[in-house]
Amino acid sequence: MLFTLEIKKIMKFTIQVFIIVCLFLTSPGFYAQETETVQSEKAVQEAKKAKEYQNKIDKEQKKIEKHQRQVKNAEKAINKTKKKIEKQKTANQKTESQIGTRKNSEEEIQKLKIKSTKQKLEIDKLELKLLQQKKELDQIRASF
């Protein structure tokens, strides 16, 4: 009898433990913890993806800004060259108008003609430079 009593106590204890475990497993708190873990892992993954995308966006933005600076610098160089050409043309027109006056001696006229030829050569050089700069600008624009 003593033996059956002990078995009954053990069985009773086992049943109580089983009921407690069942209640624990069926409680919403147990599943909430599991769900929170899954949700937090998803949140971490989403945060990583968002950071990767942000890094990609930042890199692309830097590329765009660099390209815009290159275009702007090329346009400035073209404008400077155009101004130099206009300045040289104005100076050349002055020189040619001095050649047309009859006040100058033959020697001065020759000097002015040489000066005019040099100025025309400089204008041609600047125009060639301008063409190269425009070509470079087109390449920069096409590269993006």
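Reader: In what order do the elements of the chain run from the N terminus on?

Author: Helices here are DSSP runs of H or I with at least four residues, and strands are E runs of at least two, numbered from the N terminus. In this chain the order is α-α-α, with 3 helices and 0 strands. The model is predicted, so local features need pLDDT of at least 70 and side-chain atom pairs count only at pLDDT 80 or more, while totals for chains, interfaces and linings use all residues. Residues are numbered from 1 along each chain as its sequence is written, and side-chain values use heavy atoms, leaving out hydrogens and water.

Reader: Is T95 buried or exposed?

Author: Buried means under 20% relative accessible area, exposed over 50%, and partly exposed in between, with a 1.4 Å probe and protein chains only. T95 is buried, at 3%, and lies in helix α2 (residues 28–100). Across the chain, buried residues make up 13% of the 144 residues.

Reader: Which residues does T95 touch, beyond those up to four places away in sequence?

Author: Contact means heavy atoms within 4.5 Å. By that criterion T95 touches L112, K115, S116 and Q119.

Reader: Which residues form the largest nonpolar core?

Author: In soluble globular proteins, nonpolar side chains tend to be buried together. A nonpolar core is a set of buried Ala, Val, Leu, Ile, Met, Phe, Trp, Tyr and Cys residues joined through side-chain atoms within 4.5 Å. Here the largest has 8 residues: V71, A74, I78, I85, I123, L126, L130 and L137. Neighbours within four places aside, L130 is in contact with I78, T81, K82 and I85.
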